[in-house]
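Thanks for coming. I will go through one model today, starting with its strands and ending with its charged side chains.

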Amino acid sequence: MIKNKNSNKIFSRITAILLCICMVMLSACSKEEDTGVKTQRSVESRNTITLAAQDASVHYSKDSASFSESAATSGLIELRVDPASNSFCIVEKTKNKIWSALPLLSDVAHNEELISNASVAAITVSGGTDIYHLNSQDNSLQYGKASYSVIENGAQFVYDIFPDQKTADKTKYEKGDIGFRVTVTVTLADGSMLVNCTHTNLTGNSDAFIENIELLNGFGSFNSSGENDFLLVPDGCGAIIRTAIYDESFEPVSFAVYGSDPSIGSEVSASAVVPAFGIKHGDSAFVSLIQSGDAVASINADKATNVNEYNTVYSSFNITPVVYDDETLYISKSSAVEEISLCYRFLSGNNATYAGLASACREQLIRNSVLSTGNTASSDYLPFYLTLTGAAKKSFGPINYLKKLTTFEQAQDMLVRMKNKGINNVSVRYTGIFSGGLDSEDIETSSMLWRLGGSDSLNSLYEYVSAQKMSLFLDINLLSSSKKFNSGNAMNIQKDDSVYTPQTLLNDYMDEETDKRNFRKISKLSDAVATVIKNTRDYSFTGYCINDAGSLLYSDFSYNGLLREAASNQISKSLSPLTTGYSAMTSTGNFYMLKNIDSVVNVPLESKASESGAYVSVPFIQLILHGIVDYAGEAVNTSISHEELLLKCIEYGACPHYEWNYEPINSSTEGDIFYYDNTINSAAEFYSKANEALNDLRDARMTDHYEIDDGVFCTEYDTGSMIYVNYTDSDYTVLGAVVEARSFIRIN
C-alpha cells in the first residue's frame with residue numbers, strides 16, 4: 001500500500017509539472033500573439049485593384065453653401081458639415097476663409113476628373129493575394145454606408161468601406177468578404193482642430209487587413225495661387241513649395257517621419273525629423289502636427305503643374321507592417337497604431353508665414369511635452385561643437401586593427417590650443433572610445449579602450465574641461481552594435497536579425513567598408529541603460545551623447561517585441577535616466593526623443609530635394625528649436641563648401657561644428673579633412689565672428705526669416721535683433737548698413 005501511495009504521489013507531481021509546462025507554453029504563445037510577431041504565407045503573385053470612381057461628385061463640395069450644418073465653434077474657427085459629401089470644413093470667421101476637407105468645385109476649373117482622388121480617408125487593404133485601393137467617398141458614401149453625427153465640440157464621421165456594392169449590402173458576411181469601418185472624429189479646442197482616426201475590421205476576415213491609411217488627402221487643397229502661397233514640407237530643415245511658380249517637371253514628394261524602418265526593409269529617399277506640414281493660401285495658413293501615429297507616418301505633397309490640378313499636402317500611415325518577398329507574404333499580427341491623431345492650428349494675416357507656422361508648431365509640441373518648457377542655458381561664450389574620434393577600424397593587408405586617432409591626452413592638448421586661439425567654450429562629443437572604436441560594440445558589455453589613456457587620463461581631461469567651463473560628452477550607441485547582443489538581437493519581420501548599414505564618412509576616408517550593425521531588443525533597452533550608468537559611474541564627464549537613438553527607429557519582431565510606434569515611446573522612456581543629473585546630447589534630432597535633450601549635432605541645415613525656383617529650403621525646425629536647445633549642423637570640415645555652410649550657421653542660428661582627429665589618417669596630412677591642424681585656424685577665425693553675432697541670442701526665440709533680395713536673407717529674434725546674411729558676390733545695403741559680399745551683419 002505504501003508503494004502505491006508513493007507511485008500516486010510521483011504521478012501527481014509529474015502531472016502537475018506537465019500542466020505547468022503547458023500553461024507556460026500557452027502563456028508564451030499568448031504573449032507572442034500580442035507582440036506583433038509576424039505570420040507568413042506563400043503567395044505566388046499580388047494583384048493591385050483600384051476601383052474607378054463612378055461619380056466624381058462625391059469627391060468635392062460644390063460651394064460654401066454646401067456646409068449647411070454648424071457643428072462647433074472655438075476661438076475664431078467654426079466646424080461645418082457638408083451632408084451631401086459626408087465631409088466638413090473649417091471656417092475662419094474673421095477672414096471668411098474656408099478650409100475644406102474635400103476640394104471646392106469652384107476652385108478647380110470645374111474639372112471633375114482631377115479631383116477623383118480626394119477623400120476624407122483612403123485605405124490600402126490587403127486581402128489574400130490582392131491589394132485594394134479603397135476610399136471613404138467611392139467605397140462608402142457612394143454605397144450608402146457613410147454617416148455622421150454632431151457630438152460635443154465637433155462631429156464624428158463613420159465610413160463603412162467595402163470593395164463593391166454587393167458586399168456593402170450584405171447583412172451577414174462570408175469568409176472571404178472585405179470590409180472596414182474607418183471613424184474620423186473632428187473636434188475643436190482652444191482654436192485648434194483635432195482629428196482622430198480609428199479603424200475596425202467589420203467582416204472578421206483574418207486574411208484582410210489595412211496596410212495604409214491616407215487621412216484628409218484633400219484638406220485645404222487649392223488650384224488658384226497667389227504670389228506668396230506655398231506648401232510646407234518637413235524636408236531636412238524644412239522646405240516650402242511655391243505654388244504660384246510654374247514648374248512642369250515637379251514630381252510628387254514624400255517624407256518618411258523619422259526615416260525608414262530597417263525591420264521591414266523600407267527604403268526611403270527622404271526623411272523628416274519633425275512630423276509636421278502646412279499650407280499657406282491667400283491671407284490664411286494652417287500647420288498640422290501629427291500627435292499619434294508619427295512613427296509610422298509619411299508626409300506627402302504634390303504641386304499643380306497645370307491649370308486643372310491641385311496643390312496638396314497630407315499625411316499617410318503604415319498601419320500594418322507587411323513585406324512581400326520571394327513569393328512569401330510576411331504580415332505583422334497586430335497593427336502598428338490603433339489610433340491616429342493630428343492637431344491643426346490656423347493662422348492669418350501677418351502670422352500666416354512659415355515662421356508663424358513654426359511658432360504654432362513649437363507651442364503645440366511644448367503643450368504635448370515633446371519639447372521642454374525651459375530655455376537654453378546661457379554662458380559667456382557660444383558653444384563650439386567638436387566631434388573627436390578615439391579610434392577607428394583600419395586594415396593592414398588582411399589584418400584589421402584599431403587605429404588610434406585621438407587619445408585623451410591629445411584631446412586635452414587640442415583643447416589647450418583651441419583655447420589659446422580664442423575658442424573658449426567647446427562641447428566635446430567623444431566618439432570611438434569604447435570597444436570596437438568608431439564601429440562600436442554593445443555598450444552594455446563594452447570597456448573603455450586602454451590605448452587611449454584609461455579612466456585616469458579621461459578624468460584628467462575632464463578636470464581641464466570643467467575648469468575652462470567647457471563640456472565633455474561620452475558618445476554611446478545604445479540601439480546598435482557591430483556584434484550580436486548577448487541579450488539577443490531585435491528581429492525583422494522575416495525573423496532574421498534586424499540590421500542596418502550606417503553612413504560613416506570617416507570610414508570612407510580610411511578606405512574601410514562600413515559593416516552592418518545589429519539592433520538591440522527594445523525590451524532590453526532599460527537594462528542596458530542601467531548598466532551603462534553603473535559602468536561609467538567612476539568616470540568624470542558632463543553627460544552622454546545618445547548617438548544612434550537620434551536618427552534611428554525600428555520595429556522589433558522578436559519575442560515580446562514592439563512595433564515602431566510603441567518602440568518610439570519605449571525608447572524615449574528608457575533613455576530618460578541618462579539625462580537625470582547629466583546634460584544630454586544627440587545626433588540628427590528626431591523629435592520623438594528631444595524632451596530631455598540639451599543639444600543636438602548634425603541637425604539638417606538644408607533640404608534634401610533639389611532646390612528650384614519653386615522648391616526652397618527654409619529653417620522650419622530651427623524656428624521651432626531655437627532658444628529651447630542648442631543645435632549645430634554637419635561638421636564644417638566635411639562639407640563641400642566651408643564658406644557656404646558657415647554662412648548658413650549664422651542665418652539659421654546654429655553653433656559651429658567640426659569633426660577632428662589629432663592624428664592624421666594616413667602618413668600624409670595633405671588633403672586630410674579630419675586632421676585638425678588643417679582647419680583649426682579658419683575655425684577660430686569664424687568662431688570669433690559667430691560668437692559675437694549669436695551668443696547672447698541663444699535663449700531667444702527666432703521669430704521670422706525671409707529673403708529680402710536674391711541671395712540675401714534676414715533672420716529676426718524676439719529681442720529685436722536682426723541678422724542679415726549675403727550669399728552673393730556683391731555688397732548689399734540694408735537699413736543704411738552694408739552687408740559685405742559673402743558675409744553677414746547683425747543689427748540690434
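In which strand does Asp-325 lie? Asp-325 is in strand S22, residues 322-325. Strands here are DSSP runs of E with at least two residues, helices are runs of H or I with at least four, and both are numbered from the N terminus.

Before going on, the source. This is a predicted model, in which local features need pLDDT of at least 70 and side-chain atom pairs count only at pLDDT 80 or more, while totals for chains, interfaces and linings use all residues. Residues are numbered from 1 along each chain as its sequence is written, and side-chain values use heavy atoms, with hydrogens and water left out.

Back to Asp-325. Its relative accessible area is 39%, so Asp-325 is partly exposed; buried means under 20%, exposed over 50%, and partly exposed in between, with a 1.4 Å probe and protein chains only. Asp-325 also belongs to a surface patch of negative charge, together with Glu-44, Asp-326 and Glu-327. A patch takes residues with over 30% relative accessible area and no salt bridge, and joins like charges within 9 Å.

Next, strand pairing, which requires at least two DSSP bridges between two strands. S39 (residues 702-709) and S40 (residues 712-717) are antiparallel, with six bridges. His-705 has Thr-715 in S40 as its bridge partner. The two strands make a hairpin with two residues between them, and Gly-711 in the turn has a positive phi of about 80°.

There is also an open, antiparallel sheet of three strands, ordered S30-S32-S31. Strand S30 (480-481) and strand S31 (499-500) are the edges, each pairing on one side only. Between S31 and S32 (residues 517-519) there are two bridges, and Val-499 is opposite Asn-518 in S32.

Now the salt bridges: a side-chain nitrogen of Lys or Arg within 4 Å of a carboxyl oxygen of Asp or Glu. The structure has 20 of them. One joins Arg-345 and Glu-363, at 3.4 Å from N to O. This pair links distant parts of the chain, 18 residues apart: Arg-345 is in strand S24 (residues 339-348) and Glu-363 in helix H4 (residues 354-367). Arg-345 is buried, at 14%, whereas Glu-363 is partly exposed, at 35%.

Another salt bridge joins Glu-651 and Lys-648, with the closest N and O atoms 3.6 Å apart. Both residues are in helix H11 (residues 642-651), about one turn apart, and both Glu-651 and Lys-648 are buried.

Definitions and conventions
Patch = residues over 30% accessible without salt bridge, like charges linked within 9 Å, V, L, I, M, F, W, Y side chains within 5 Å. Areas by Shrake-Rupley, 256 points an atom, 1.4 Å probe, with all protein chains shown as cover. Lys, Arg positive; Asp, Glu negative; His and termini not counted. Charge placed at Lys NZ, Arg CZ, Asp CG, Glu CD.
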